[in-house]
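Let's take a walk through a protein model together. Have the structure open beside you, and look up each part as it comes along.

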Amino acid sequence: MVSRRELLRIGAAAAGSLALRPFGISKALAETASDYRALVCVFLYGGNDSNNLLVPQDAERYRAYLSVRGMLALQGKQLTPPVFTKTGNAPYAFHSGLAELAQFFSNGQLAIVANVGSLVQPLTAAQYSARSAAIPRNLFSHADQQLQWQTSIANADSATGWAGRAADKLAANSTSNFPLVLSTAGNCVLGTGQTTQPICLNPGQSLTVPALTGSAETTQRSAVQALLSLSSSAPLIGQSNQVVASLLSAGQTLSAALAQAKPLGATFPQTTLGTQLQQIAQVIQIRGNLGVNRQIFFCALGGFDTHASQLETQNVLYPQLSQGLAAFYTGLAEMGVQNNVVTFTASEFGRTFQPTSQGDGSDHGWGGHQLVLGGSVAGGEVYGSFPKFQLDGPDDSGDGRGRWVPTTSVDQYAATLCSWLGVSAEDLQTILPNLKNYPSKSLPFLT
Amino acid sequence: MKSFCASTMLLVCSFAFAAVCLAQDGAPVLASGPAARILEQASWGPTQASIADLQSEGLTNWLKEQFNATPSTIPDLPVASLPNLSTNQNMAPLVENFFMNAVSGPDQLRQRMAFALSEIWVVSEVNVGNAPAFPPLLRIFRDRAFDNYESLMRDVTLNPAMGQYLNLANNIKSGRTGGSPNENYARELLQQFSVGPDQLNADGSMVLDANGNPVEAYDQTTVSALARALTGWTYPSKMGVALRGQNAPYYLGQMIPVEANHDTQQKTLFGTLTLPAGQSASDDLTQALHAIFMQPSLPPFVSRQLIQHLVTSNPSPAYVERVASVFAGNGSGVRGDLKAVITAILTDPEARAGDDPSNTGNPSFGHLREPVLLEANLLRSLGLAVPDGNSLLSTLDAMGQKLFYSPAVTSYFLPSYRTSNNAPAPEFEILSTQTAANRLNTIDAAVARSSIAQSGASTPTAATSSPSSPATVNIVTLGAKNDRSADASSIINQAIQKAGNGGTVLVPAGTYSIKGMIFMTQNGVTLQCQSGAMLIADAGLPDMIWINASNDLIEGCVLDGNKAVNASNGIGVDGSYSTVNGKTTITLVSNNRITGSTIQNFAGTNIYADAVQTLEVDNNTITSGGGGDPIGMSDNLYNISVHNNTITTSYALSGGAAHGIGIHSTPSINGPVQNIQVYENTIYQGAGNFCIEILGQVGGQPIQNVTVHDNRCTFAPGAPFINGMDSLGQVQGGTVQHEILNANGQNIGIQFIELAGNTNNVTVDSNLLFNASTTNAGAIDINGGSNNTISNNLLLGSGAIYIGATGNSGTGVPCSNNIVKNNVVLMSRGITTFQRGVVWIQANFESDLFNGNGHFDNNQILDNYLVGVTSGPVQMGVGLENDYSTWGTNPTTLSGTVITGNHIYGAWYGIGDITTPTTSITNTASTGNIMGPGVVPHYVLGIGVNSTSSGDTQGTSSFDPTVIIPMLNASFFNSSMSQGLQQTLKLAMNSMPDANDKATAAVDLALSSAEHQAIEQAVMSNTSGGPAPADTQIQTINNLFFHGSMSANLTDAVTQAFNGAQASADKTHAALYVALTSSEFQVIH
């Protein structure tokens, strides 16, 4: 038995050897970057109040903001110094916890897509109030809008997500059997397709199954494999078999490949999100071993359902988001793939512009702003249409609390990301069945 | 009242997992398969005890009993874990309490219902961040589980933990800040807890408008209005603290209204229902909740989720509608009666259809075992100790369900979640490759901790994760005298408590005086004696060591009862019985082991057990000193393994009554006895009774699943009368294999092997009796029972193989469908009493003395060598006898006997019947039987009416005793007997005068050969223990974990794993691992 003290000593030695070789990436791996593209979804569970993510700093809008947001209004050191859009030089400030992102915005690697949300078709507040056009089902519901963001089908049930359906198409061109979608946050409908099942690997955990992979366990392994090879007429047993079969094939491939990964020089914050992004960076590093040149990653951070204590909560969550994304970008640059990977946020809904009666929180809303980060991003811009800060105004969905009717749909947002990944315009029609409803199919935030 | 399984019923039900069997009185009685399946839906997993309980109660009575069972306790937690912390975030004690209740609480159904409700009405520690908030909330689910849903709605709405989680606490009317009342609780109350977002029909399907679109159950206007209606509530005032408008969080009691913060304007809910202006907070709340409660969507919305949590992910609309209609009205006009709802859910035909395993009509039935349920199932069914709370939390977190830390108000998984194939499958939302890996590894660890898999592994491991290393307490260090100069018992008792769970009490060499009982009442203690250590009784103790705990181990001790003081018992392993209001609750002790010890000179029983689960007694040397069985156990026994012990009984010491090993169910206690393994013991029997008796006494419960193999029994020379080797009575299912009895020249008092009254589905195969002298009694008897097989036995110097119904225990029991095949019966030369046949089927009066109805039908006698005694009192090779067919109202039948391919020697006739009247033996079919010289093929009165025979002929050759050589080789040499030894045996036979001498000489030579000694050594010195044969173990796994419905494919895979593992201790582990990690186990169906 190794004693606890010895383990600590060994751990220290390992850390020491790590420190000696901060740039452990082999040149060969970096050279495979040419035809590699990946999307990374960062899902902000709970409904992020993006009214406080990015705050307009022009006098008129900031005054409107202060007048409605009350205790929630960010002022002074609660905001970063102003940044300016490349086009039009419009002033905005980020929440002070997002300082790194403000820098990426200024450097042109980060774009904001304003007021994105679930829609069936283009919709005005007036149409919504009159119910004179198709609207998403069960608005203002966590479960429903989380699903709609991931399925991009807001008017019907779907068990598959837009990224999973995109992966189904891309997998046809893949020479590897390894799943194109990997999640560090458990199952995600986003990455589930008709044929694509995400492989899930939680940071700090392992997909190894010693009882089935040890050299002495051949009998157990062959018995289990024999069972998995049989088809079952029971759908639930079949689904369970499928997950375990994926674990024992792709999971073991991934474990073996990750054992070859070299430590990255970038320092990832050891937070919920930071460790997930670190895990994703490691998988990107060993993509050659997996034989894939298109990937979609899913990671998530919860806690954004800020009905109360919103300022305190965002003061914790936003730095985690910002510092995690910054470390991730550094890691990608270290591997030379910062132009090959696009990271984007999603969140089921924005929140009411008007706070609650206690003043320290906000209720469920609809449209919200999202972040897109990467070397291929046409950054330093706010895309789409920023809502007008007016209760019962043109963007308010009707009951005077500032639940913004989205001006960009998830379909358009997803279509832009999928196109960049290499999905054809023709395939987009089936992946995003409601895209046909929009005159403009995408936004120009990716090059 | 117990609807005890009557004997004839068991013929139909035992091991046949028919859905429902009928007892003699016509009342339905559950078979064990359906009982286990119900317990998957209505408890935290079946155990052998709970299966037996439900079987005897029946579902209806069991439900009533569950409704009245004492609710488990959920104690409050301290408000802060340290003086300088403002909150106590330690949830571990609560989680541990939860699993303690799940594993051993009597209120299983209440707990399952409460847990289901807690997964609908979600509060999460992720946001609350204060552990003391939870017990009061959990007590609401517990206390309202069988109450009314509207009461539940009110209680949870006013619960401070919920108030904090969804911001109802301190929610105030508009005005102070310009904001609007917080909508959080109002929205989730509607969306998650009561009606759901869409209007539902009574069958749970969505109401559709004229265009085929869903209709929302409420709109934003209703959410806003409800939020206003529910303003004005704050936390209860802590004792001694004045009420403020907005109290600080305090969790005991209900939230209280502060009217100044309540919105008193008019509100309209659901478009039509008005709460008038000016109402109090309390009136608005009551009326709003009632309005929600009366929504038509509520019964199907809640009913469907409860069905999903307890029974199946994809209930049919008709099932939902049946339950929802009970929810809407319980038959007495009460809406929301949860007792009626849960009864409707569990007794619905759709829930019960799968009780019949042949019913494969609904392949999509069932649901994935969610991690909390999986963990509870493993702990209960594998008999594991509950780990500490932190280790439980980390296990559950890894599997995707960190108990009480739901990631969101939408719970751990969504009721609406579907697989990519669109199959409704809520729990699958948290089954990913990662959580699947963690599940497999959790199951592996649980199986490793289980002593079911460890039978014989070095030490039963107590499931503690105590951070400190286990204590070892030396009793001499504590002051015990090793020269017998002072009583050591109280010091040993101190040492046991001091060692604690996981610790060891060390007894160094020396002799210790024991004047008081040693109480092993602490779980997880090892009593380890060093070589040369002896505990000797110096007072007339009832028990020297009393184990009333689990995971205890006694190893290497010499315990001496000291005849001078007349100490009664050596070691008692003893669960607890307590009776409250006429209902007896049994608490089993589990996972104990007694190994490598010597237990001698006790006046009573050396080792006894009662109300235990998973007990192993192995590699001990035991000498009886009195009249009790050296190893004696009775009632409420599950998973008992007695192996590799050496046991000596002596007529001189015991006075003649003891069995070597006696395992019984008794009429007085009437508890189940299941899964009994007795193997590889060596018994020197001089006491007069059977070497091994496993018997359900008349009026006691039948014994299920018995495995007896490779025991060696030798009769002591000079013993006046010894019954025989093995007696099984009222046993349902089992095997007796590879037993050897050396009668050592003695008479066999009753039988070599007896299957006593009402023993069914037992195989007696490849056993050897030899050196019996003047046997007049039976060789192998079926004294009442059916579907038994007697095959490949070698009976030298025996009486007849007898099928009849004798003695009290055989009364009223049919003897049909038994098979007697490939045996060699060489009758005793000294036989003096009349034998109707070498195989003798006797339809006798005891079969059904008063009513007729005796049945002795369709037995088969195939391919045996039946050798009687030439010129002795042996009438026939196969004798059929029906003497009492005129008794009672219906004739006793002896019909359909098949007699084929036998070789018959040394009898007056080959085959024949004796019957009164002559028509009462019918439909005998005999074919191709060969008689020896002087044996007339058929009796003068024939072989029965409507009978046929062909090819029964008299041959010219005598019995050739060399036929026993291949049998010896197959049964006791693993078919590896050398050609040289086979030649030696033939030569030895040549030199002997007659067939009996030839056979006995060959057996003596074979068993004393070096080849056999080497094989025997390997078998009998099995100090590491070993599991029973594959089929027995797999049967146990099937019963306990698959309610008897394991598929053929899974059975094959589990068998493959079992047989493929090398070490015997690994075999069960491999089998359990493959079984429990299979998708067939993950999905409860």
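## Where the two chains touch

Start with the contact between the chains, which takes 67 residues from chain B and 60 residues from chain A. On the chain B side, several helices each supply at least two residues, among them α11 (184–191), α12 (220–229) and α20 (433–449). Which helix gives the largest share of the side of chain B that touches chain A? That's α20(B), with seven residues. Sort the residues on this side of chain B by class and you get 25 nonpolar, 34 polar and eight charged. Keep in mind that this is a predicted model.

## A look at chain A

Chain A has 15 helices and 14 strands. Of its 447 residues, 56% count as buried. Now take the contacts in chain A between residues at least 6 apart in sequence: 74% of these join residues at least 24 apart.

Three of its strands form an open sheet in the order β2-β4-β3, with antiparallel pairing. β2 (54–56) and β3 (83–84) of chain A each have a single partner strand, so one side of each is left without a neighbour in the sheet. If you're new to sheets, here's the background: strands of a sheet pair through backbone hydrogen bonds, either parallel or antiparallel. In this one, three bridges join β2(A) to β4 (residues 91–94) of chain A, and the two run antiparallel.

## Helix pairs in chain B

| Helix pair | Axes come within | Crossing angle |
|---|---|---|
| α18(B) (371–381) and α19(B) (389–398) | 9 Å | roughly 130 degrees |
| α25(B) (964–972) and α27(B) (995–1008) | 11 Å | roughly 30 degrees |

With axes crossing at roughly 130 degrees, α18(B) and α19(B) are therefore oblique to each other. α18(B) passes α19(B) in a right-handed crossing. Who meets whom? From α18(B) come B:Pro371, B:Val372 and B:Glu375, and they meet B:Leu392, B:Thr395 and B:Leu396 in α19(B). By class, that contact has four nonpolar residues, one polar and one charged.

In the other pair, the angle is roughly 30 degrees; α25(B) and α27(B) are therefore roughly parallel to each other. The crossing of α25(B) past α27(B) is right-handed. On the α25(B) side, the contact is made by B:Ile964, B:Ile965 and B:Leu968, while α27(B) brings B:Ala999, B:Ala1002, B:Val1003 and B:Ala1006. The classes here are seven nonpolar, no polar and no charged.

## Buried spots in chain B

Is helix α16 (residues 338–347) of chain B mostly covered or mostly open? It's mostly covered, with seven of its ten residues buried. The buried ones are B:Leu338, B:Val341, B:Ile342, B:Thr343, B:Ala344, B:Ile345 and B:Leu346.

Loops can be checked the same way. B:Asn523 lies in the loop between β12 (518–520) and β13 (526–529) of chain B. Why does B:Asn523 count as buried? Because it has 20 C-beta neighbours inside 10 Å, and 20 or more is the cut-off for buried. To finish, look for B:Asn592, which is 69 residues from B:Asn523 along the chain; the C-alpha atoms of the two are separated by 9.4 Å.

Definitions and conventions: Residues are numbered from 1 along each chain as its sequence is written. Chains are lettered from A and ligands numbered from 1 in the order in which they are written. This is a predicted model: local features need pLDDT of at least 70, side-chain atom pairs count only at pLDDT 80 or more; totals for chains, interfaces and linings use all residues. Axes are lines fitted to C-alpha atoms, for helices over the stretch in contact, and angles run from 0 to 180 degrees between N-to-C directions. Helices (H or I, at least four residues) and strands (E, at least two) are DSSP runs, numbered from the N terminus. Angles under 35 degrees count as roughly parallel, over 145 as roughly antiparallel, 65 to 115 as roughly perpendicular and the rest as oblique. A crossing is left-handed if the near helix is turned anticlockwise from the far one by less than a right angle, and right-handed if clockwise. Two residues are in contact if their C-beta atoms, placed from the backbone, lie within 7 Å. Ala, Val, Leu, Ile, Met, Phe, Trp, Tyr, Cys and Pro count as nonpolar, Asp, Glu, Lys and Arg as charged, and the others, Gly among them, as polar. Two strands pair if DSSP finds at least two bridges between them. A residue is buried if 20 or more other C-beta atoms lie within 10 Å of its own, exposed if 12 or fewer, and partly exposed in between; C-beta atoms are placed from the backbone.
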